[in-house]
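Subject: Structure handover

Hello,

Here is the structure we discussed. My notes on it follow below.

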Amino acid sequence: MCSVSTFSYLLFYALFTVLINAQCTNPTIRREWRTLDRDGRAAWISAVKCLAASPHNPDLVATVNSSISQIPAMNTSASFWDDISYMHMDLNVKIHQTGMFLPFHRWFVHSVEQAMVEKYGFSGGFPYWNWTIDASDFYKSSWWQDSDTESGLGGWGDPDKDYEVQDGAFARFALANPSYHPMHYQYTAQPFAAFAASSPTIAQFFNSTMLETYANSTFYANQIAAIIAGNPRDLVNFQISLDNWICAHGSVHAITGGDLAGTCPATTEDCIPGNKWWPNSPLVFLHHATKDILMIDKIWSDWQNLNETSATAFAGGLVQAFDNTTYFAEYPTGAPPMLNTSSDIYTDNMFPGVTIGDVLNHTARYLCYVYE
């Protein structure tokens, strides 16, 4: 099944206000991708493809001025999956290195999961990618070895074909942002020099040591454990550890390259690379549902479980503080106006919205999931 009745989909939204206040009594379980059996992996991939076969959501509205977002006009002929990516493109400057980073991405993954449930009937619980398993030899890890056409994520892209993925269930997976192209991945062991060179604003935050960093050196298991344990009750420094210029979160994106890193397709003109269209790649949701946002979110969950203060902590502003390094040091998780737990999460009208406070506890209210 790749659709539900209009009545069923409308009913979901009608019941949303009730669901958000309902007590979590039967949480879904999020498991590491490699612990799923073939049927479980194939079900999640089929749900992704269902969203890619579903039509554009006419309710989607870009809310950031295009001179700031620097993205092309919305393609109303694109798919629901492309809409998901476009929303992230539009909101990019509001949801990275601001106070919205952690709550937005927790809400974002959950909203995509609910779309899978409503449009496809997916019921398996959103999987995550524990990339600490792959840190020692990322290029040759088991993660990139499953070429099954129904349940495999596939391997690296072909350098002779603009690094387009050639095997697995997402071989030549068609994407509309920033222009039509098949999904591509490009392994890049030391990606930060190119990243810094992409923008003078970004370049000011890098020194020579950072430019030469091997991306996989930032996401070993002991380093993630240190991030969790090393910032008790200090959400700002915890977030900085996850979302700074050289960090586990960005490194997984950057080392994978291609769509997961926002690399421009060869055929796209006037393209500005960056983290705008990361959600092109289904891996972004395993990465952000990994023990980090789902690995990031999982890591945040582990940190929240340290104590009661961490469980309800929130801090950060609305505006990226990229003016200069001094200003960024003062506001590393966003400059004023400051956000609070009553602030609405940005949605571009793509999915039902909630407040930051609504997503602080993923085992209660409408989120209702746990990690295994």
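For the ring count, two rings of Phe, Tyr or Trp (its six-membered ring) pair if their centres lie within 6.5 Å; planes under 30 degrees apart count as stacked, and those over 60 as edge-to-face. The model is predicted. A search of the whole structure gives 36 aromatic pairs.

One of them joins Tyr139 and Trp156, with 5.6 Å centre to centre and 15° between the planes, and is stacked. Both residues lie in the loop between α6 (101–120) and β2 (157–158), so the pair ties together parts that are 17 residues apart in sequence. Tyr139 is partly exposed, at 39% relative accessible area, whereas Trp156 is buried, at 15%.

Trp156 also pairs with Tyr187, here edge-to-face, at 5.4 Å centre to centre and 70° between the planes. Tyr187 sits in the loop between β5 (181–182) and α7 (192–197), so this pair ties the loop between α6 and β2 to a part 31 residues apart in sequence. Tyr187 is partly exposed, with 32% relative accessibility.

Two lysines lie over ring faces: Lys94 over Tyr346, at 4.9 Å from the ring centre, and Lys119 over Phe80, at 4.5 Å from the ring centre.

On annotation, the unreviewed UniProt entry gives "domain: Tyrosinase copper-binding" for residues 96–113. In the model, that span is 72% helix and 0% strand, and its end C-alpha atoms lie 21 Å apart.

Regards

Methods:
Residues are numbered from 1 along each chain as its sequence is written. This is a predicted model: local features need pLDDT of at least 70, side-chain atom pairs count only at pLDDT 80 or more; totals for chains, interfaces and linings use all residues. Side-chain values use heavy atoms; hydrogens and water are left out. UniProt positions are given in the numbering used here, feature names are shortened, and annotations may be inferred rather than shown by experiment. Helices (H or I, at least four residues) and strands (E, at least two) are DSSP runs, numbered from the N terminus. Buried means under 20% relative accessible area, exposed over 50%, partly exposed in between (1.4 Å probe, protein chains only). A charge sits over a ring if NZ of Lys or CZ of Arg is within 6 Å of the ring centre and within 35 degrees of the ring normal.
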